[in-house]
Amino acid sequence: MNAAAPASPPLAAAIVADEPQHAAIALSEFFDGHPVATFAIDTRHVITHWNRACEHLLGWSKLAMVGTSNHWQAFYPKPRAVLADLIVAGDETQMELLYPGKYRASALIPGAYEAEDFFPNIGASGHWLHFTAAPLRDHQGHIVGAIETLRDVTERRVAENALRRAHDNLEHVVEKRTAQLADMNEQLQEDIRQRHLAEAELRRSNLELTELNSQLSRAQQQLVQADKLASIGQLAAGVAHEINNPIGYIFSNFSTLQTYLDQLFEMLDAYQKAEPGTAAAAALRAQREQIDLDFLREDIPALMAESREGIVRVRHIVQDLKDFSRVDANQDWVWSNLHRGIDSTLNIVANEVKYKADVVKEYGDIPDIQCLPLQINQVVMNLVVNAAHAIGEQRGRITVRTGADGDGMVWIEVADNGSGIAPDTLSRIFDPFFTTKAVGKGTGLGLSLAYGIVQKHGGRIDVDTELGKGTRFRVRLPVSQPEGEADAAGSAP
Ligand SMILES: Nc1ncnc2c1ncn2[C@@H]1O[C@H](COP(=O)(O)OP(=O)(O)O)[C@@H](O)[C@H]1O
Ligand SMILES: [Mg+2]
């Protein structure tokens, strides 16, 4: 310790050298008793004051310090300038070197500085100090020393640090939680997306299944119907063949018979001329009168003509049966005259229709079309039969029209002036087994079959109907089938 310390002039005395002695003592007392740790140095960096608070805070006694330049000891392990030293030296460049980023000029006192730092050497575990150093000046304004006050801000800093840590921690937790939430949200969104995808997929496959199902049932209908048609066709062809033979020879026999009759009548004439006189002649005459030969002469040709006409009609029916069945074509795609098919179909169904309606034909100018004629006949038949069924007590009219649209399509129209179709029924008429007719009268297959056949031809059916006024079905068919399509379809039984 510097023994000269008590001898060095007290700072207050230096400042207020010309003040009365008691004032200096009072100031010194004040300085000592001031609860803020404070020390002062003179221009030689010698400690002039070291108050009790300072002793308390830094653990170095006034006795040990005043009069020495060892104030660094209270703060650092090695000698170096403290803030007060820099003020005395007026060396601000050192300030940045020694307190980098930790000091600033005082806002209150010109030339004063303050700083805050951690001092590991003070106390057991170090202390945070906030310290201010200000110059001391004489009356002329010359710097005569510097005064430095020290405040222990350890508690505040620790609290601040704890707060910051807590804050950081909180932020971290919030961040983590936010990230977790975002993750969960994303997961949720993904889940929802997957669910939507799965639902859409389900709906799609359901639709596919429904479509497949209806395709299956249509195919089944067609198979059943095609089977039925084929057997009807075969039956018709067989019957036609059976009838055709006898009709053929009856017809040719008729001409021969006609010749024979003519010859016989000539013979009779000859006999008649030879009649007069003889007894045999009298018997002949009696017989002639008894059989009324004159009437026979008239009636026999009439009977012959009528029979011939009957045979011609039978022949037509046979031809119609053949046309309708087209067994010779065996359901191949052929170029066919629609009018011929419609005519034969109308003849076949004539019995069903003739007591209920007049059939009016309004044929347009249409080309032959590539089709399965037997099946088209079936479509026409179903439409005409339906039309006849739709007609009530009063005799009605069924009009069959044809025409060409000039866009590679032809159409067949079957119109009636019957009951019409109710709106809620209309959407179901093409459904298999849908019927509004009594049991035994309708199977509900007619239109579904027609629909299937027309579709197979690449055509379409449209309905126009008004309740109580009548209905018009229009079937559009392409004139020719796409290349290859007809061959593939034609191989079906
Ligand atoms: N020309 C028409 N006029 C009125 N209703 C019709 C006509 N054609 C079809 N329908 C209605 O469509 C239904 C289905 O017809 P369809 O499939 O041929 O079966 P079905 O004739 O055996 O009942 C009929 O029951 C009838 O209600
Ligand atoms: Mg029907």
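## Exercises on a predicted model

The largest cavity is lined by S336, N337, L338, G341, I342, P373, I376, N377 and V380. The model is predicted. Work through the tasks below with the structure open.

**Exercise 1. Find which elements give two or more residues to the lining of the largest cavity.**

Solution. 
- Start with the ranges: α10 spans 338–353 and α11 spans 373–390.
- α11 gives the most, with four residues.

**Exercise 2. State how many cavities of 30 Å³ or more there are, and what volume the largest cavity has.**

Solution. 
- The count is three cavities of 30 Å³ or more.
- The largest cavity has a volume of about 40 Å³.

**Exercise 3. Classify the pair F75 and Y76: stacked, edge-to-face or tilted?**

Solution. 
- Two values describe a pair of aromatic rings: the distance of the centres and the angle of the planes.
- A search of the whole structure gives ten aromatic pairs.
- For F75 and Y76, the ring centres are 6.2 Å apart and the planes stand at 50°, so this pair is tilted.
- The cut-offs behind this step: centres within 6.5 Å make a pair, planes under 30 degrees apart are stacked, and over 60 they are edge-to-face.
- Check the surroundings. F75 and Y76 are both buried.
- Both rings also belong to one aromatic cluster, together with F39, W50, Y99, F119 and F131.

**Exercise 4. Find which ring R157 lies over, and which ring the charged end of R474 sits over.**

Solution. 
- R157 lies over the face of W128, 3.7 Å from the ring centre.
- The charged end of R474 sits over the ring of W411, at 3.9 Å from its centre.

**Exercise 5. Determine in which sense β11 and β13 pair, and over how many bridges.**

Solution. 
- Locate the strands: β11 covers residues 409–416 and β13 covers residues 470–478.
- Their pairing is antiparallel, over eight bridges.
- Pick one position to check by eye. A415 stands opposite R472 in β13.

Key. Residues numbered from 1 in each chain as written. Chains lettered and ligands numbered in written order. Predicted model: local features only at pLDDT ≥ 70, side-chain atom pairs only at ≥ 80, totals over all residues. Heavy atoms only, no water. Phe/Tyr/Trp six-rings, centres within 6.5 Å; stacked < 30°, edge-to-face > 60°. Buried < 20%, exposed > 50% of the residue type's maximum accessible area, 1.4 Å probe, protein only. Lys NZ or Arg CZ within 6 Å of the ring centre and 35° of its normal. Pairing = 2+ DSSP bridges. 1 Å grid on protein atoms, 1.4 Å probe; cavity = no way out; pocket = protein on both sides within 12 Å on 5 of 7 lines; lining within 4 Å. Points joined across faces, edges and corners; volume = space filled by probe spheres on them.
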